[in-house]
Amino acid sequence: MAVSKNEAPASATPTDPARRRFLNTTTLAGIAGAGLTMGLAGCNESGKPTKAAAGGAASAPAAAAGEAVEYSKYEVPPGQLDAYYALSSGGHSGEVRIYGLPSGRLFKRIPVFNIDCLVGWGITNESKKIMGTNADGSLKYFTGDTHHVHPTYTDGTYNGKYIFVNDKIHGRLARVRLDTMECDRITEIPNVQGFHGVFPDKRDPVDANINSTTRVFCGAEFQIPTPNDGHDLDKPENYFALFTCVDAETMEVRYQVKVDGNLDLIATSYDGKLACSNQYNSENGVHYEQMMTAERDACVFFHIERIEAAVKAGKTFRIGNSPVPVVDGRKAANADPKTALTCYVPVPKNPHGVNASPDGKYFACSGKLSPTATLISNELVLKWFDGGLKEPRDTVVAEPEIGLGPLHTAFDNRGNAYTTLFLDSQIVKWNVEAAIKSYQGDKNAKPVVDRIDVHYQPGHGFTSMGETKEADGKFFLSDNKFSKDRFLPVGPLHPETAQLIDISGDKMKLVADHAVYSEPHDSIVIRRDIIKTRQVYDVAEFPNAVKDPKDCRVERNGKKVTVYLTSQAPTFGLREWTVKRGDEVTIILTNHDKVQDLTHGFAIPKYNVNFIVNPGETKSVTFKADKPGVYWAYCTNFCHALHLEMRSRMLVEA
Ligand code: RUQ
Ligand code: CUA
Ligand code: CA
């Protein structure tokens with residue numbers, strides 16, 4: 001970027017980093033339609049920082065309005081590497097992405113729930129097996145909606161082993177290995193719809209020796225008849241939602257908890273004892289206006305040790321044909337705190353997002369329809385479960401007014417929280433201790449310490465390492481839902497903006513705009529030294545590997561034909577092979593090149609075959625040879641000076 005300092009012209013010209021001329025038009029239209037009565041004085045078209053919702057705290061001017069930003073400080077020059085990986089969900093693209101920060105350079109798109117013809121995800125037999133197939137071998141689902149990505153922990157920080165991601169559409173949990181950055185498991189969660197929030201635990205609730213992730217918790221957002229088999233179709237009073245625990249290693253569903261109302265995002269405590277979820281539809285409404293009737297919904301806490309003891313003791317029931325044990329976590333069944341499995345902490349209406357502070361002390365649950373964030377004490381929730389507190393609400397230690405449409409909160413290492421304000425199009429920085437003092441009645445305590453405009457309507461926001469005890473307080477990334485005028489227009493669907501904010505000083509500084517393909521929700525900003533990747537597989541890792549190029553051959557078993565192939569630049573192990581029309585052909589291809597990045601592709605015209613084999617890797621495809629003729633199978637991935645010549649003939653006899 002040539003701009004070395006912010007010249008901040010007053011008009012909305014393309015050089016104004018703070019231009020906001022389209023601000024809020026969409027949101028205002030939506031809100032007006034929803035008939036909300038909350039104060040919208042803060043939303044305006046001119047883009048001045050709002051005052052109405054700030055709870056009296058002075059609106060600090062955004063850095064872009066005054067202070068010069070040395071943008072070049074945040075660039076990554078040619079040949080140098082980024083300091084962080086950002087692992088980001090891809091929303092309804094069904095994938096996960098990896099990019100570098102601070103550069104914002106996209107490195108990789110990891111197909112998970114989607115079909116991807118670059119690597120052959122959804123095309124090869126191995127990927128189909130992970131994704132799940134029908135009896136005829138076709139994919140059970142080929143769409144997905146990834147929202148939340150969370151890696152495994154050891155000792156309160158990332159261990160670089162796996163990252164988990166949800167599919168909201170079909171209720172699946174996927175796991176991506178962080179060494180190869182490929183999806184290795186997908187589990188379909190029974191009895192739920194709208195599986196949204198996901199978070200791994202950080203240590204075992206009972207065994208102090210297990211200080212790493214062994215469970216993954218999942219929250220279901222949509223209440224449904226359960227089992228969802230056609231009964232009680234229009235009897236919403238009989239619908240319910242479930243909290244689910246999946247084993248992080250086996251990826252098997254361990255148990256479920258029936259709840260009142262619904263669940264949404266998930267957070268877990270650093271001591272391993274608690275998981276929690278914000279709940280916005282405590283009303284059990286099926287239409288949005290019904291979901292907004294109660295003044296308060298809840299943040300629901302799960303006492304993991306007790307839930308697991310109840311499962312072990314067989315205090316469970318089953319739903320339909322599902323083998324998964326279910327315990328009853330509804331309020332009525334958990335009236336005595338001393339034995340309760342769950343605790344429903346009332347929070348202002350329709351909260352969204354719950355996040356644990358890196359010191360392990362608090363959970364921040366955002367208001368969404370209330371201009372507040374509710375701070376709940378981990379210690380006090382445990383005290384309530386011990387019978388030491390009267391009301392669940394007594395676990396709340398602060399509830400600062402921070403702005404309009406608060407959604408997600410991230411933390412630095414200096415006791416500050418950063419919450420995305422969807423309606424205000426801002427990030428608000430608030431101090432946790434000041435918020436607690438103010439809640440205790442200290443009139444001099446000012447929770448809000450800074451605000452910065454983002455462009456526009458942020459959903460999630462994340463700090464570098466902020467979801468670990470190693471939060472470093474360096475960067476905040478704002479994943480915004482609208483970019484509008486920030487980039488060259490590309491037709492009806494604009495890219496999203498991911499804006500990088502330097503949070504190392506007192507004032508937040510907007511330092512970069514990155515365009516992102518629709519539509520990331522969650523990102524994890526993880527120090528690069530934590531991730532250790534591998535580039536070359538060992539041929540022996542694959543049970544179906546063609547171990548030696550000399551083993552290349554064609555085997556026939558009735559109408560089933562298996563073609564054993566290898567690749568070594570610039571050739572495949574067979575120059576041609578012959579099959580008969582109507583044969584079911586399986587091609588097994590092992591790449592014997594061992595040089596880093598020496599990946600080959602394999603495509604067969606007119607047969608929809610297209611996939612890659614990385615160094616040492618084996619993959620296979622199965623298809624019906626239903627078209628006679630000559631088909632040139634060729635290498636699709638540039639590998640060698642003779643890459644174009646790297647091909648073989650498939651002869652299909654009529
Ligand atoms: S939730 S912003 Cu899945 Cu907020 Cu997306
Ligand atoms: Cu092998 Cu191109
Ligand atoms: Ca509600």
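**Briefing: backbone exceptions, a ligand shell and aromatic contacts**

Asn 191 counts as buried, because its relative accessibility is 15% and buried means under 20% relative accessible area, with over 50% called exposed and values in between partly exposed (1.4 Å probe, protein chains only). This is a predicted model, in which local features need pLDDT of at least 70 and side-chain atom pairs count only at pLDDT 80 or more, while totals for chains, interfaces and linings use all residues. Residues are numbered from 1 along each chain as its sequence is written, chains are lettered from A and ligands numbered from 1 in the order in which they are written, and side-chain values use heavy atoms, with hydrogens and water left out.

**Backbone exceptions**

- Most residues other than glycine have a negative phi, and most peptide bonds are trans.
- Asn 191, which is not a glycine, has a positive phi near 65 degrees; this residue is in the loop between strand E7 (182-188) and strand E8 (193-200), where strands are DSSP runs (E, at least two residues) numbered from the N terminus.
- Met 465 also has a positive phi, about 55 degrees, without being a glycine, and lies in the loop between strand E25 (458-463) and strand E26 (475-480).
- With 0% relative accessibility, Met 465 counts as buried.
- Leu 101 and Pro 102 are joined by a cis peptide bond with omega about 10 degrees, and Pro 102 belongs to the loop between strand E2 (95-101) and strand E3 (106-111).
- A cis peptide bond also leads from Ala 569 to Pro 570, with omega near 0 degrees; Pro 570 is in the loop between strand E31 (560-568) and strand E32 (571-572).

**Around ligand 1**

- The residues around ligand 1 (those with a heavy atom within 4 Å of it) include His 147, His 148, Gly 459 and Lys 481.
- This shell has 8 polar residues, 1 charged residue and no nonpolar ones; Ala, Val, Leu, Ile, Met, Phe, Trp, Tyr, Cys and Pro count as nonpolar, Asp, Glu, Lys and Arg as charged, and the others, Gly among them, as polar.

**Aromatic contacts**

- There are 15 aromatic pairs in the structure; rings of Phe, Tyr and Trp (its six-membered ring) pair if their centres lie within 6.5 Å, and planes under 30 degrees apart count as stacked, over 60 as edge-to-face and the rest as tilted.
- One of them is the tilted pair of Phe 602 and Phe 611, with 5.6 Å centre to centre and 45 degrees between the planes.
- Phe 602 and Phe 611 are both buried.

Definitions and conventions. Helices (H or I, at least four residues) and strands (E, at least two) are DSSP runs, numbered from the N terminus.
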